[in-house]
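Reader: I would like to go through the labels used for this structure and see what stands behind each of them. Please show it first.

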Amino acid sequence: MKQDKNNEMDLLLRSLARGRGGESSLDVGQASTSGKGVSNHLDADELSCFAEGVLPAPARERYIAHLADCESCRGVVVNLMQASGVAVRPEPLEQKSGAGFWHKIGALFSPPVLRYAVPVVALTAVIAISFLAFRQQRGSDLVARNEPIISSAPAVTNEQQSGSALPQSSLETTTKLRSGAESPAQADSDRFKSASKDERTSVAQGSATIAGASVPTPSPLKDSMQSKQGYTVDGSRPVFAPEPQAAPAPPPKAALNEVDKAAAVQKEEVSRREVQALPREEEKNQPRDDAGRHGPARSNTTLSGSKRAEGLMTESRDSVSKSKKDSDDEVETRTVSGRRFRRQGSLWIDTAYDSSRGTITLSRGSEQFRALVADEPGIRTIAEKLDGVVIVVWKGRAYRIQ
Amino acid sequence: MNQRTIQIEKLLSVGASRLLARASETHSLTSETLIPRIRAVVSKYVLRDDENASFEAITDFIEKLQADDLCLIVACEQGNEKAWTDLVERFSTTVRSAARSASSNEEGAEDLTQSIWAELYGLRVREDGKPAGKLAYYSGRGSLAGWLRAVVAQLAVDQHRKQSRLVQTEEDSDFDRMIQEGQDENDWTGHGGVVNPELEVSAKLAGAEMQKALAMSVQQLSAEDRLLVKLYYFDGLRLREAGALLGVHEATASRRLTRIHADLRRQVENRLIEKGWSRPETERAFSEIALHLEADIEPLLAGEGVLISKENEIAG
């Protein structure tokens, strides 16, 4: 409505302007009545100063009053403005002044500038600090992740020579060991596969493995491995047991941040639980191993031990190279409810899961679990289709379902 | 001579010295030759409107004078031939360009250009024996090029006024008759469709009364608002240009124009009500007249559009 009224006035004024011939007479009449005749027109200097906008305010007001009523002077001003492009009025020329530098310095620290500059500087500082902190955090993650990869290749030869301790927390390895039906070479191959998988996929596990140098290694696993390799000659250490996890000294613990440590402890607990279950399995298999070790065939095995060890070494080297080639292809993944899971031992881990993230542990059938799946049916589907322990990331939270 | 006058004289002296120091070419001028000029300029633009202007304001005003241009003009005025040659060389293009803009043909432009240089130099002689030209009126506050354009424009207006004084008088009387008798050649309500002669006469009278009320209301606006209306509607400037002349941003000029529309409408309504109109009648009259005006303008705009498209076709 208001706009319509404005449009009406706009049209009326335009129509009035079309009778412009009369406006000049109106102007002259006004000028006459206000005591300004034609002789009182603005002079050329006043007109040009007005057009250039360089007049002091009081003088300017006086000339505005004249120009509002004098079409002749206004016409000159309009022409001057259009000729010189005053609409884009240039800044006043910089005058030579000795105090210019100090004026600029003073202007730099003036309150109007500081009012905006201080928050900007503070914000920039906060962003820079945040960025540096984030970079440091990422750097420590990379250290924890990369260390085993660097040490894995030399670990094979080192292990062959020194035959150091076995890894403590490879779930895949323990699974393979539990099966007990495979040949030693195959078991070694699997061990390398599992080691490479661990190195690639689990930061926490990697860090836990690194930390394992100072954490007591569960002896049942080591014993069982040694018992499986009962063909060694007179207690000499087996030379065909390359263990990538037995890397050189891990980075100092200080390099791991708190999140990594928490995740490492959690993973260590899981692996310890798994390993603790191992002796029971071993006990079941023990008679057969013992029979192989202490039975009549033992002497034959012992006699041909060195040859066999050489053959196993060759096989193990082959299997190492093969496992390195096929490790990427052999990672078992499944997709359920739109989430992709990677198998890691008996664990199904959501590919979106970050080991530094805390998890909410739920048992199948528990009240909490039922409440969760009632709200999130997708998790129920996942829990049903994937057996064993499942780590799923759902709506920004990580759940461990066991 | 009171203390303030003495202080102002000191400021003028210091200002003249600083102005000479700022000038790239002093043309052998001294501060003594510049002081009278600067005194006159300060008096005209500062002290005339504010007798008690602060010393800082006076100093600031002098500091912003165009040192090079003012020295050149004062040197010309002093009869410095080299300065005069410099002036002609530097600004002959500007003067010729301004003369072409103000004249309808090349011959007239050339005549005007010659007249300008004669006016500047001065055909008459002052009491002190120096030529009494227009150079004495340049203050140095604005640019010399702008001042020369203004001199050319004023001279062209004067010449035109002398030639068409008779015609001008007739136009004036036409406009006065339009205001007094309400007979507008634009015929606000004369658009076709009114069959009843009685209604037609009535509508014409209503339109004339509204136009008269509007013209009077425009005159009642403040000087700055009135200037904005005239620059925008009468002189055809864009809002950006009109705002620049008034020293305000385009957006400010737009807001001001919207407020002026509302003020004018209120004033016109009040004037019409004073003459016996009812408020609904004024509302209806505004709508109807605006409708007719819109219908009048549309064919014009359409005609311009056709012309433009034809020009484009020819050019393309």
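**Labels and their cut-offs**

Author: The side chains of Asp10(A) and Arg14(A) meet in a salt bridge, at 3.0 Å from N to O. This is a predicted model, in which local features need pLDDT of at least 70 and side-chain atom pairs count only at pLDDT 80 or more, while totals for chains, interfaces and linings use all residues. Residues are numbered from 1 along each chain as its sequence is written, chains are lettered from A and ligands numbered from 1 in the order in which they are written, and side-chain values use heavy atoms, with hydrogens and water left out.

Reader: Why is the contact of Asp10(A) and Arg14(A) called a salt bridge?

Author: The term requires a side-chain nitrogen of Lys or Arg within 4 Å of a carboxyl oxygen of Asp or Glu. Asp10(A) and Arg14(A) have an N to O distance of 3.0 Å, so the pair qualifies. Both residues lie in helix 1 (residues 2-18) of chain A, four residues apart, about one turn of the helix. A helix here is a DSSP run of H or I with at least four residues, a strand is a run of E with at least two, and both are numbered from the N terminus.

Reader: What makes Asp10(A) buried?

Author: Buried means under 20% relative accessible area, exposed means over 50%, and partly exposed is in between (1.4 Å probe, protein chains only). Asp10(A) has 17%, so it counts as buried. Arg14(A), at 35%, is partly exposed.

Reader: What does the salt bridge of Glu77(B) and Arg37(B) tie together?

Author: The side chains of Glu77(B) and Arg37(B) meet at 2.5 Å, N to O. Glu77(B) belongs to helix 4 (residues 67-77) of chain B and Arg37(B) to helix 2 (residues 31-47) of chain B, so the pair ties together parts that are 40 residues apart in sequence. Glu77(B) is buried at 13%, and Arg37(B) is buried at 9%.

Reader: How do you know that Arg265(B) and Glu269(B) form a salt bridge?

Author: Their side chains meet at 3.4 Å, N to O, which is within the 4 Å limit. Both lie in helix 12 (residues 250-274) of chain B, four residues apart. Arg265(B) is buried at 6%, as is Glu269(B) at 7%.

Reader: How many salt bridges does the structure hold over all chains?

Author: The total is 23. In chain B, Asp225(B), Arg259(B), Asp263(B) and Arg266(B) are linked in a network of salt bridges.
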